[in-house]
Amino acid sequence: MKREAFMVKKNNFNDWKEVFKNPKPITVKSFITGHVIINKRGALNPDHPKARNIGNESLKVPILAHWIHHQEFGDYLVDAGLDHSYYQNPTGNIKGIFSWLFKKLGYADEYFQEKNQDILYHVKKNSIKLKGVFLSHLHSDHMAGIRDLPKDIPYAVGKGEKYIDHKPFFYGDYLNGIEVLYEIDFSKASNMPILGPCADIFGDGSFWAIPTPGHTKGHISFLVNAPHNPILLTTDACFIKLGFEKEIGSSDYTEDILMAQLSLNNLVEFKKAYKDVKVICGHEI
Ligand SMILES: [Zn+2]
C-alpha cells in the first residue's frame, strides 16, 4: 500500500461565520455497526482535575459510521465501523499464528454486533453509491468495515496516521486491497478561527476535515455544513457527550493524553463560539 497526498482544494473561506451563512445541500446519517464496552473512567481521563467524581462504570457504546450525502458530489463515509465478521464472533476476523493466544489472554479487541448491523448492510439498504471513505483514525472499530467495502474508491486519513497490524502474529488485514491510502496534509489547508488549518474537502465549504491529534497522531474530526445546523463529528477526539460537557479528554486507548485534551479544548471553544453547531461524539448518538 502506497501513501499519497490528498489534494486539499483551494477555497475563499477564512471565517466560520461566512461558511455557516452558506449552508450546502449535504446531509449526515449515522449508522450503528456494533457496540463496544468502555469504562467511563478512561473515556474521561480520571487524572483531569474536573474528573474527581467520575466513577468506575462500564458503558456499552455504539461503534459508528457516518454517511455523508452531498447532492452534487455524492456519497461518502466517515469511518467504516465494523464488517459482518463480528456477528456472533466478538473478535471478528482476526488471523495470525498467535491469534488464539491473544484471544485467550483477552488482548484482542472485542465487539458486539447484531444481525444486519454491519456497514455493508447499511450501504446496501440505503442504496449508497460510495465514492470514498474518510477515516478519523486507524483503530479497528473505525476501519474493520473496510474489509466488506469496495476497494476501487479512495480512502483517506490524516497525515502521519499510523497503521498497526502485527503480521504474521496477530492481524486483521483491515486495509487489504487498498493500493493507495490518501493522506490529508493540513499544511496547505485554510487557517480557520479557533480550529486552525482545516481542509475544505469538496472546495465548496460543505465538508471539512479538522486535525485533532492526541487519540492518535493523525486523528481527524469533521464538520458538515448542513442546512439548519452545522454538524461537528468529533469522532474519537471525544468519546461521549459527558466528556464534551465536562471538557475532559480521554485517557484510555489514547496515544498522547495531553494533546488529546488540547484538541478537545479547541472543539469545545469552537462550539461555545458557534452555538448552532450540533455535536456528535465518537461513541454516542
Ligand atoms: Zn473508537
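Buried means under 20% relative accessible area, exposed over 50%, and partly exposed in between (1.4 Å probe, protein chains only). The model is predicted: local features need pLDDT of at least 70, side-chain atom pairs count only at pLDDT 80 or more, and totals for chains, interfaces and linings use all residues. Residues are numbered from 1 along each chain as its sequence is written, and side-chain values use heavy atoms, with hydrogens and water left out.

View 1. In strand β4 (residues 74-78), 5 of the 5 residues are buried, so the strand is largely enclosed by the rest of the structure. Strands are DSSP runs of E with at least two residues, and helices are runs of H or I with at least four, numbered from the N terminus. Two strands pair if DSSP finds at least two bridges between them. Strand β3 (residues 58-70) runs antiparallel to β4 and is joined to it by 5 bridges; a hairpin of 3 residues connects β3 to β4. H69 stands opposite D75 in β4. On β5 (residues 130-134), 4 bridges join the strand to β4 in parallel, and F134 in β5 stands opposite V78.

View 2. D141 (OD), H142 (NE2), D236 (OD) and H283 (NE2) lie 2.1 to 2.3 Å from the zinc ion. Donors are N, O and S atoms within 2.8 Å of the metal (3.2 Å for Na, K and Ca); water is not among the atoms, so sites may look incomplete. Along the chain the donor spacing is D-H-x93-D-x46-H.

**View 3. H142 and D236.** H142 counts as buried at 2% relative accessibility, and D236 counts as buried at 3%.
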